[in-house]
Amino acid sequence: MRENPTFGLVVAGVGGQGAITIAQLILGAVWMDGYHVLQSEVHGMSQRGGEVSAHIIFSKDPVMSPTIEEGDADLLLGLEPLETLRHLKYLKKDADIITSMTTIENMENYPSSKKILNLLKSIDGVKMIDSDLIAKDIHFSHKGNMTLLGYASNYLPVNEEVWDKAIKERFKNKGNKMVDKNLHAFNTGRKLINNENSVYQ
Amino acid sequence: MKTNKLLLGDEALAIAACDAGVKAFYGYPGTPSTEIFEAGEKYVKNLNDGRIAEWAANEKVAYEFALGTSYTGYRSVVTMKHVGLNVAFDAFINSAITGIQGGLVVAVADDPGMHSSQNEQDTRFLADFAQLPLLEPSTPQEVYDFTVEAFALSEKLKLPVVVRLVTRLAHSRGEVFALKTSLKPGSVGIPPTSEIYNWVLVPSIARVRYRELRKKLPALYEEAQKFNSLQTFQSAQIGVVTSGMGSAYFHQYKKNNNISDEKYNHLNVKAYPLDINLLLSLIKKSDAIYVFEENYPYLEDMLIPYCKGKCDVHGRRDQTLPVDGELNISLIRQALENRQLDSIVDENLFAQISSLIEIRPPKLCEDCGHRDAFNDITSALKNIGVDDPRIFGDIGCYSLGVQPPHNAIHTCVEMGASLSMAFGAAMAGMSPSIGIIGDSTFFHSGMPTLLSAAKVKLNINLIIMDNAIVGMTGQQAPVASDIAPLIARATGFSEQQIYLLNPLPQKSEENVKQLEQIFMRDEPSLIIFKRKCIIAMQRKLYLSEKKEALHA
């Protein structure tokens, strides 16, 4: 263990999915909780359905690199299964992997989704969450990401009140109703840690 | 400005400029530099104290706006991506000779790895060529600090100062402590009468001014020296030279692995031009030197001649690092330790993943009008017997027309090249010759070709994909809209040579028929496909205009 360890997190998804929003939420929460942070984002052509990812690094010591070395990340949050596979190379051997199960097949040569999900299931440390289905259950179908983030929050050293504050801060411009919905989706995801039936591992 | 925020490198530059009392932001959009101006625009609006944020038609014009503001004694910043500096190069290089009045900061964002560019040219070479100082930060905090210092330095040396970012810094978000006080824009005055001729680069004055610039070089070295640092240790035999993101990665590499600073002699370069004595001191203390810089071997090439027979230099030249692409910590570890970290992906898993990972390329949006326009164009060409069309393309979302099923773009070189290449091809006998350009790119540098095209009796077809927005870089407002037909008329195109088409699926049949006729004529034509950007519509960016969903 390093004296003040550096924690590396990768968020991966498809352009338009909100991966950068999720990453910025995490970044803000970790920072509010007293860590030094840096995040690398992908901009440019990303909104046109291509791959999108963000790296987040934080530590109690100052951090300088905004990207994570391959094999050095502690956690991967995959908003789409193929993107989860693509970013596995960044992870340490004992890293945690939290991934959505909903594929976005916006390309002609999209591989067999069954093969992807089966391969993911076979990897140690993978937690697969049908976040879109769960979000639908709570009548907030396009917020699977927030459910996934809620679950992932169990793996991040951030206090619950800080998450609350970060989410409120992020969505306050969109009105109280949006804040409440996002908080609800987040908390639903967060509680999945106590309900192993909803998590495929 | 309040202290302590999470900011992108780009945003840090804009805030720093405001805090340094900048009067004006000018620029042309280009990833990864766009957010500098956009942040500046936001702050200018919030501060509401008479500052300016103005997109220009292209980078050269933007640069000259900044130089004009500087002439009045105010501070200005001009933003662009690396290839934008090529467009502004004439102004850039000659502004070194005129010198400046109010501080002028040239914010250029390079794109190593070509995330969204056609090359990965290194701005340090351009600054060197112009004999201008360049600062190279490696964290958002340094972007802030260096930008504030750049204005002071610019006024001290009476020269423009370049601040060079790269994609990983421009688009990195981190903590920035800003100054507690923000300066109001103030003027140091226009050039005094005694200096009135300094700005007139007719040969007799230019010779004098150029000599003056050369005389400033020692001062440039001296100023740069204040940013650069050399640490040597008795115990260290290996030297490392870093700059920009190379410094950031090398620092993190040592930190993550508990490697003592004393293991390496370290020359950390943050400002240019670099005093050769720093390199010589490092060479004296080292048996081998590694160079980690983004992204051309600039420092490495400086070093190599002095190291001959004394020590080995490892970097991009000897393939210790790849000759192209971005640096990262993994490459630094590979260079220094000749190994990589074990990841969760072992050989077995790698084999299984490799067969599944397909690239997911960006593509035109589902309901994008460019799709329909490409379809109309290629259908019309097919119908008149052109089975293997070659279409000159340009820079914008429509570059994605290169992909199947469109297969409708066959060149993409630099801003504006579509129309002029189509002209050159038509002159050499290509018929029909077709160039496709976006509305913003047309205003950027496509327009001059109209002047030549209007005069020839050739089958040359200039097509503007007009969505009345700068789509690719995030839907900025273009400098102008709806005036292309007027301009074409003024250059000599007749009413009958200008066509407005609406690229909607239900109009396709009609459009194809008309294009068939146009593509058969031995005369120049200007074809404008008009349909709004779907993303901009979803973001309600056209709302301030007329309520109609599509303008035709």
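How many residues of domain 1 of chain B are in contact with residues of domain 3 of chain B? Twelve residues of domain 1 of chain B touch eleven residues of domain 3 of chain B, where contact requires the C-beta atoms of two residues, placed from the backbone, to lie within 7 Å. By class, the side of domain 1 of chain B that touches domain 3 of chain B has seven nonpolar, five polar and no charged residues. In this scheme Ala, Val, Leu, Ile, Met, Phe, Trp, Tyr, Cys and Pro are nonpolar, Asp, Glu, Lys and Arg are charged, and the others, Gly among them, are polar.

The structure is a predicted model, in which local features need pLDDT of at least 70 and side-chain atom pairs count only at pLDDT 80 or more, while totals for chains, interfaces and linings use all residues. Residues are numbered from 1 along each chain as its sequence is written, and chains are lettered from A and ligands numbered from 1 in the order in which they are written.

Chain B is assigned domain 1 (5-225), domain 2 (229-337) and domain 3 (369-538); such bounds come from an automatic or database domain assignment. Between domain 1 and domain 3 of chain B, the C-alpha centres are 34 Å apart.

Strand β8 of chain B, residues 172-176, has four of its five residues buried. A residue is buried if 20 or more other C-beta atoms lie within 10 Å of its own, exposed if 12 or fewer, and partly exposed in between, with C-beta atoms placed from the backbone. Helices (H or I, at least four residues) and strands (E, at least two) are DSSP runs, numbered from the N terminus, and two strands pair if DSSP finds at least two bridges between them. Strand β1 of chain B (residues 5-8) pairs with β8(B) in the antiparallel sense over four bridges, with B:L6 bridged to B:E175. From chain A, strand β2 (residues 36-40) also pairs with β8(B) in the antiparallel sense, over three bridges; here A:L38 stands opposite B:G174.

Some backbone details deserve attention. Most residues other than glycine have a negative phi, and most peptide bonds are trans. A cis peptide bond, with omega about 5°, joins B:T31 and B:P32, and B:P32 belongs to the loop between β2 (24-27) and α2 (34-47) of chain B. B:Q131, which is not glycine, has a positive phi near 60°. B:Q131 lies in the loop between α6 (123-130) and β6 (134-135) of chain B and is partly exposed, because 17 C-beta neighbours fall inside 10 Å.
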